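Biologist: I am new to this structure. Please walk me through a few of its charged residues.

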Amino acid sequence: MLNLPSWQRSLTPAFGVPAPGQYRAQPEDFIVDEQLDFSPEAHGEHLWLRLEKRNQTTLDVVKQLSRLCGVMPRDIGYSGMKDRVAVARQWLSIHLPGREAPTDLSASLAALGITVLEQARHPRKLKRGVHRTNHFTLRLSGEAVQSADFIPRWEALCAQGVPNYFGHQRFGAGARNLQRAATVLAKGWRKRDDRQGMILSTARSFLFNELLSARLRDGNWCQPIAGDTLMLDGTQSVFGIESVEESLMERASVLDVHPTGVLWGVGRSAGEEAGAYEAQLAARHPALCEGLEKSGVKRGQRALRARLIAPQLTFEADAVQLSFALPRGSFATAVIGELIHHPDTA
């Protein structure tokens with residue numbers, strides 16, 4: 001049976017395990033604002049709504065919009081899934097060709113705790129993964145934020161970046177999603193059993209975290225090694241290297257490029273040192289790796305490191321407020337787990 005291990009943290013060698021702390025005591029302690037790099041065009045068949053939700057998942061909002069607008073859930077688009085226990089702002093789209101939304105839509109949503117912040121028409125459905133960043137405003141409290149090493153920890157993350165782990169929420173309560181993924185992949189993955197691709201995503205996320213933890217253990221998670229695929233900061237552009245040149249080490253040190261890890265699937269494996277980490281991963285988790293390959297999912301790459309964008313720290317009476325943005329797909333809990341000890345991020 002697969003369980004979640006205690007993956008390596010980047011600051012533990014220098015500072016030790018962080019002291020206990022709290023976060024998300026209430027939704028207002030965890031504010032996330034999805035950032036697009038374009039605006040709706042003000043015409044078209046799709047109504048785009050920028051919404052603020054509290055104590056609800058993105059799929060909860062999709063269900064309500066489907067009911068209120070008389071459309072199928074598949075007619076509603078969104079770019080990213082946002083946390084339940086949070087105040088989250090994001091765009092969603094509704095396919096309404098030739099008709100308007102119900103006149104009382106905003107009021108009906110408000111009664112459900114969902115606020116319409118903006119709305120506009122657009123020719124196309126909102127697709128997954130088109131937002132550029134998520135901006136977070138977080139409130140942390142407890143023993144950890146009173147520790148003398150809290151500011152040095154924060155400054156280290158700002159300087160070196162954050163291990164780009166998938167958050168524990170990806171694997172479900174008690175690693176339930178991971179257990180299901182292992183069971184399905186062992187039998188043979190079928191599209192009809194995994195319409196949203198969550199099983200494949202869960203397995204690939206676990207393997208990525210395992211590889212990142214191994215490179216953290218060896219101290220090369222934010223440095224290029226032979227055979228690596230590197231990603232340009234702020235983009236999804238990647239390029240492979242056979243050997244490590246001094247210029248690449250310098251670019252990595254200023255967070256201009258990041259080493260990547262494999263999102264397991266069909267495709268050519270890495271070579272040299274980077275390939276050795278993939279071989280170790282396949283040896284430790286053969287059933288997951290073979291199941292993913294048999295599913296036909298294509299190999300991908302994910303940066304091992306995420307850069308904190310415009311980070312700010314403000315002290316309150318008994319807490320701290322952190323403000324920063326992360327690239328889409330990166331988890332704020334990876335930042336929190338480096339600063340405080342909490343069961344959700346351990």
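Modeller: Contact here means heavy atoms within 4.5 Å. This is a predicted model: local features need pLDDT of at least 70, side-chain atom pairs count only at pLDDT 80 or more, and totals for chains, interfaces and linings use all residues. Residues are numbered from 1 along each chain as its sequence is written, and side-chain values use heavy atoms, with hydrogens and water left out.

Biologist: Leaving aside neighbours within four places in sequence, which residues is R204 in contact with?

Modeller: R204 sits in helix 7. Helices are DSSP runs of H or I, at least four residues, and strands are runs of E, at least two, numbered from the N terminus. Beyond its neighbours within four places in sequence, R204 is in contact with L263, W264, G265, L292, V297, K298, R299 and G300.

Biologist: How far from R204 is the nearest side chain of opposite charge?

Modeller: A salt bridge needs a side-chain nitrogen of Lys or Arg within 4 Å of a carboxyl oxygen of Asp or Glu. Lys and Arg count as positive, Asp and Glu as negative; His and the chain ends are not counted. R204 is buried (under 20% relative accessible area; exposed is over 50%, partly exposed in between, with a 1.4 Å probe and protein chains only). R204 has no salt bridge, and the nearest side chain of opposite charge, D194, lies at 9.5 Å.

Biologist: Which residue forms a salt bridge with D233?

Modeller: The closest N and O atoms of this pair are 2.7 Å apart. The pair links distant parts of the chain, 74 residues apart. D233 is partly exposed at 23% relative accessibility. Its salt-bridge partner is R307.
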